[in-house]
Amino acid sequence: QACDEDAKYRTFDGSCNNLEHPGFGKANTLFERFVNEDGDYIFDYADGKGLPRVAQNGDELPNARLISKAIMDEDLGPPIQSDRIRSAQVVSHAQLLAHDVFQTEIPSFAENNCCENPNKNNRDFCFPLEIPENDKELPPGCINFVRAKGQIDENGVRQQVNLATAFVDASVVYGSTPELIEILRVPDSYLLKTDDNLLPSPAGVNSCFKPVTPSRCPVAGDNRVSDVPMLSVQHLVWHREHNRIASELRTLNPHWNDETVFQEARKIVIALFQHITYNDFLPLIIGKSTMKKFELFSEDVDDDVFDDQYEDDVNPQILDSVNVAAHRFGHSQLTNEQNFADENCKTVTVNKLEDIFESPRLTQENGGVNVPFIGRHLACSASNMIDNFIVDGMRNTLFRLPEAPGSDIVARNIQRGREHGVSGYNTWRELCDLKPMKSFEKFGKFGKALEELYEDPDDVDLFVGAMLEKDPELNVGPTFQCLLGLQYQRIKRGDRFWYERPDEEFSFTKEQLRSIKENTRVSKIFCRNLGINTMQENMFLLPQRKRNKRIPCDDIPDVDLSLWKQAP
Ligand code: HEM
Ligand SMILES: [Ca+2]
């Protein structure tokens with residue numbers, strides 16, 4: 001289809017962002033793979049085509065659950081450790097962001113049982129997890145695991161499909177298809193639908209009280225919205241922020257039509273989301289020096305407010321190694337609880353992870369009374385450190401709801417990497433100019449456990465090796481810093497509508513952009529939209545007695561929307 005070259009706004013599915021390559025970053029296209037020095041794609045399937053990766057010597061790789069146990073041997077600890085700086089909001093934004101830039105298309109687990117023949121041995125479709133005998137937490141035997149939908153590329157190699165737009169474009173709010181936004185919008189209006197000022201539930205208000213798979217409820221731009229309550233609150237806040245901004249723009253510009261108000265509000269929401277992600281969030285994950293190395297920070301306002309890194313040969317599409325491993329760092333930051341916290345940040349109700357998967361009831365019931373309590377949990381409570389330890393809720397009882405007995409996220413990440421044909425850890429170290437770990441001793445105190453399972457250090461899975469790395473500033477380790485740095489650089493450089501870009505057709509004015517850069521605070525957005533009165537100015541960092549003190553929300557800076565007032 002032909003692109004409208006003068007379009008002022010992004011499409012919903014990301015098409016035509018790039019006028020030379022209209023499919024770059026578009027939803028429902030194939031994930032990317034890195035290329036090596038010789039220009040060959042980096043991947044590793046057993047048969048070179050699509051069967052899950054095997055060991056260098058051709059044997060099966062070690063059991064994923066056993067690896068999960070080995071790297072979480074508490075005797076080699078210290079086990080779960082709390083982060084002293086980062087709040088739960090870091091973790092929750094990480095999940096929202098991951099869902100913004102990708103969703104792997106995977107056939108339904110509920111409708112496909114990979115533990116039964118004939119599926120069980122059909123490696124094109126199934127790759128079940130085996131829980132070994134005498135596992136204390138999970139029942140020994142088969143756990144369902146369906147392979148991602150495979151699409152054969154022009155070289156005859158299996159690839160996977162990304163259902164979301166690769167751009168950081170708030171597709172979690174607006175959806176990644178033109179069909180979904182029609183469901184989310186109030187017809188003939190500039191508003192997004194709500195139920196009781198909560199996320200909309202097409203089945204009717206108060207209809208979202210049961211575990212929801214497979215019929216998703218409520219709806220949002222991404223159908224994983226009800227994974228856990230913290231994530232639902234992220235969706236809700238941005239949803240409300242759209243409606244707040246749109247209503248304000250309507251008042252300022254009564255002469256604009258509904259579509260203009262809607263699109264201008266969407267454009268501001270995306271700018272806020274990009275600004276927060278690149279300036280406040282990412283530095284807490286990959287560190288300042290990696291941010292600088294990949295030129296990810298926004299341009300200072302002192303200089304020219306605009307910044308233009310756009311290159312039309314950069315494809316923003318998510319890389320397979322980022323999908324199956326690097327962007328899953330957050331699994332280790334999750335705590336075992338998503339509690340309700342009161343005005344003084346005190347926990348008033350404990351909600352264990354194992355009891356709150358896919359439980360939209362918690363955010364949707366009673367007009368959303370619990371929502372501010374979860375909001376304060378996000379601001380007040382600490383995340384866990386990024387390391388090789390992951391809480392029981394994720395490793396033993398994952399998605400116990402809606403289906404017992406549960407699963408192990410680490411084993412799943414490992415299994416997923418293998419079935420996507422993602423190469424072993426050392427390949428990525430080399431790509432990142434880091435020394436490959438050619439002996440098990442190099443893995444420190446966990447080396448011995450790895451040696452008992454793997455034949456060859458080159459066999460070690462990417463997620464496993466990289467989560468064992470350490471960083472002095474407690475960011476992800478060097479391999480993930482590199483992979484995430486490269487990924488977020490591509491997303492920024494490959495986005496023609498990047499919020500800092502100067503462009504006659506669609507850019508912000510200098511004053512608008514300056515106000516966005518100087519005054520955007522995630523704390524303000526959350527405070528305002530959750531009915532919370534007090535918060536620290538930087539919500540990603542824990543409040544402390546002296547620095548980042550909790551203050552009235554009214555004292556937190558705000559983007560000046562009056563700069564969007566236009567003469568009729
Ligand atoms: C309690 C909250 C969370 C739960 C229950 C959860 C659960 C899951 C599950 C079950 C998968 C699919 C695994 C597979 O079969 O491949 C997954 C994928 C993923 N998770 Fe999480 N996760 C949570 C939080 C997070 C966080 C905080 C991050 C942040 C970085 C994250 C990043 C990812 C990514 C990037 C994927 C791959 C997504 C895709 O391919 O579509 N998750 N998660
Ligand atoms: Ca997106």
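The chain has 19 helices and 12 strands. Helices (H or I, at least four residues) and strands (E, at least two) are DSSP runs, numbered from the N terminus. The model is predicted: local features need pLDDT of at least 70, side-chain atom pairs count only at pLDDT 80 or more, and totals for chains, interfaces and linings use all residues. Residues are numbered from 1 along each chain as its sequence is written, while chains are lettered from A and ligands numbered from 1 in the order in which they are written.

The overall dimensions come next. The C-alpha trace of the chain spans about 70 × 55 × 50 Å along its principal axes. The radius of gyration, taken over C-alpha atoms, can be set against a globule rule of 2.2 Å times the number of residues to the power 0.38. For 568 residues, a compact globule would have a value near 24 Å, and the chain agrees with 23 Å. Of the 568 residues, 51% count as buried. A residue is buried if 20 or more other C-beta atoms lie within 10 Å of its own, exposed if 12 or fewer, and partly exposed in between; C-beta atoms are placed from the backbone. Two residues are in contact if their C-beta atoms, placed from the backbone, lie within 7 Å. Among contacts between residues at least 6 apart in sequence, 71% join residues at least 24 apart.

In soluble globular proteins, nonpolar side chains tend to be buried together. Residues up to four places away in sequence aside, Val464 touches Ile67, Ile71, Ile414 and Tyr425.

Ile414 belongs to helix α13, where it is buried. All 11 of the 11 residues of α13 (residues 409-419) are buried, so this helix is largely enclosed by the rest of the structure. Among them are charged residues, including Arg412, Arg416, Arg418 and Glu419. The buried residues of α13 pack against α1 (64-70), β3 (129-131), α9 (320-324), α12 (392-395) and α16 (462-467). Gly421 follows α13 and has a positive phi, near 70 degrees.

Gly421 is also one of the contacts of Tyr45. Leaving aside neighbours within four places in sequence, Tyr45 is in contact with Gly50, Leu51, Arg53, Arg158 and Gly421. Tyr45 lies in the loop between β1 and α1. It counts as partly exposed, with 19 C-beta neighbours inside 10 Å. Tyr45 and Val157 are 112 residues apart in sequence, yet 8.9 Å apart in space, C-alpha to C-alpha.

One position carries a recorded annotation. In an unreviewed UniProt entry, "binding site" covers His331. UniProt positions are given in the numbering used here, feature names are shortened, and annotations may be inferred rather than shown by experiment. His331 is found in the loop between α9 and β8 (340-341). With 23 C-beta neighbours inside 10 Å, His331 counts as buried. Not counting residues up to four places away in sequence, His331 touches Ile390, Met394 and Ile409. Ile409 is one of the buried residues of α13.

Some backbone angles deserve mention. The peptide bond from Asn117 to Pro118 is cis, with omega near 5 degrees. Pro118 is placed in the loop between α2 and β3. Asn28 is not a glycine, but its phi is positive, about 65 degrees. Asn28 sits in the segment before β1 (29-30) and is partly exposed, with 17 other C-beta atoms within 10 Å. Glu358, also a residue other than glycine, has a positive phi near 45 degrees. Glu358 lies in the loop between β9 (347-349) and α10 (361-364). Glu358 is buried, with 20 other C-beta atoms within 10 Å.
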